[in-house]
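Please look through the sequence and the 3D view first, and then follow the text one element at a time.

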Amino acid sequence: MNIKEFTDRMKTALSDALNREVQIVRPLKINGIRPYGLAVKEPDSNVSPTIYLEPFFERFLETDDWEQAVKDVLAFYQNAAFADSVDMEWFRDFGRIQKKLYYRLINYEANRELLAKIPHTRFLDLAKVYYVDCRIAEDKQGSFLVHYKHIRLWGIDENKLRETAEESTPGLYPVHIKKMSTAFTPDTPPETLEVPKDFFIPMYTLSNAEADNGAAALCYKGVLDDFARKIEDDLVILPSSVHETVLLPMHKDGGIDRLKGIVYDINHTILERSEFLSDNIYIFNRETKQLAIA
């Protein structure tokens with residue numbers, strides 16, 4: 001059984017068990033991924049939870065237990081379902097939306113199809129794309145990707161969208177820098193950083209406090225400049241994933257070409273496709289305060 005067959009069969013099983021309309025959905029996600037999902041039509045709700053099936057399919061391949069697979073999907077649905085409609089009036093009010101607007105970084109070339117449909121800002125070989133944090137129930141956190149139809153609904157242009165996200169993102173997702181073995185905490189802020197003299201290649205991760213889509217912290221105003229001044233060196237920046245980047249002092253980097261090879265190998269042999277950010281590495285010049293592709 002392949003994933004398509006699994007989805008078709010699960011759609012029937014879910015519809016029969018719930019006595020509700022179930023649709024197969026395959027939305028375009030980051031890096032060209034189109035996951036297999038099932039959307040359940042809720043009779044008394046304006047929210048239809050989508051159940052993405054890849055994890056359930058992988059578990060089924062390991063166990064070959066169809067009855068358990070159906071039980072697992074039903075249990076997931078019961079946890080995600082809404083008994084009542086969700087008040088979406090706030091969705092039309094940009095004055096409330098703007099407090100929850102933020103950006104993420106994704107690869108430009110790998111997302112051309114998606115970028116044609118959404119407002120975005122080019123950043124080197126990457127793109128900033130815009131999301132809104134939305135708590136759709138007291139215990140259910142979520143977010144949605146901003147499309148052109150949204151900014152038309154809000155009566156704003158792309159410049160307003162960018163300006164708002166530039167201001168709100170660092171506050172919603174504060175920067176978080178840690179050495180590979182020593183994290184900064186609220187009691188030990190980045191200002192207390194000391195680089196050990198005997199550490200051959202000091203390496204630091206740059207992300208946000210959530211460690212979720214934290215590569216965007218690369219764009220926060222002053223972050224790279226402040227860090228380069230602390231370690232008194234230019235920076236080599238490795239795109240570890242959409243969740244974080246790795247910072248190295250330029251003059252202890254061990255060779256740009258070697259690092260490019262490491263990044264490429266990790267991206268194409270280890271990293272999940274959904275987490276891919278870039279095959280390039282970047283250089284931050286502390287004198288010019290410019291970030292560029294190496």
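The buried residues of helix 1 are covered by elements that include strand 1 (22–25), strand 2 (37–40), strand 3 (50–52), helix 2 (54–63) and helix 3 (66–80). Helices (H or I, at least four residues) and strands (E, at least two) are DSSP runs, numbered from the N terminus, and a contact means heavy atoms within 4.5 Å. This is a predicted model, in which local features need pLDDT of at least 70 and side-chain atom pairs count only at pLDDT 80 or more, while totals for chains, interfaces and linings use all residues. Residues are numbered from 1 along each chain as its sequence is written, and side-chain values use heavy atoms, with hydrogens and water left out.

The residues of helix 1 that are buried are Ile3, Phe6, Thr7, Met10, Ala13, Leu14 and Leu18, where buried means under 20% relative accessible area, exposed over 50% and partly exposed in between (1.4 Å probe, protein chains only). Seen down the axis, these buried residues fall within an arc of 135°, so they line one face of helix 1; the arc is that of the directions from the helix axis to the C-beta atoms. At the N-terminal end, Asn2 caps helix 1, with a side-chain oxygen 3.2 Å from the backbone nitrogen of Lys4. After helix 1 comes Asn19, whose phi is positive, near 55°.

Helix 9 can be read in a similar way. Its buried residues are Leu259, Val263 and Asn267. They cover an arc of only 70° around the axis, which puts them on the same side of helix 9, whereas Asp257 and Thr269 are exposed on the other side. The buried residues of helix 9 pack against strand 10 (235–241) and strand 11 (244–249).

The interior comes next. A nonpolar core is a set of buried Ala, Val, Leu, Ile, Met, Phe, Trp, Tyr and Cys residues joined through side-chain atoms within 4.5 Å. The largest such core has 54 residues, and those with the most contacts inside it are Trp154, Leu224 and Ile237. Its largest share, seven residues, comes from strand 6 (residues 126–137). Apart from this core lies another, of 21 residues, among them Met10, Tyr36, Val70 and Val73. Not counting residues up to four places away in sequence, Ile237 touches Leu218, Leu224, Thr245, Val246, Leu247, Ile281, Tyr282, Phe284 and Leu291.

Rings of Phe, Tyr and Trp (its six-membered ring) pair if their centres lie within 6.5 Å, and planes under 30 degrees apart count as stacked, over 60 as edge-to-face and the rest as tilted. A search of the whole structure finds 12 aromatic pairs. One of them is tilted and joins Phe94 with Trp154, at 5.6 Å centre to centre and 40° between the planes. This pair links distant parts of the chain, since Phe94 belongs to helix 4 (residues 94–97) and Trp154 to helix 6 (residues 148–154), 60 residues apart. Phe94 is buried, with a relative accessible area of 10%, and Trp154 is buried at 8%. Tyr102 and Tyr131 form a stacked pair, 5.9 Å centre to centre with 25° between the planes.

Key: A polar contact is a pair of N or O atoms within 3.5 Å; within protein, one must be able to donate a hydrogen and the other to accept it, and residues adjacent in sequence count only if both atoms are side-chain atoms.
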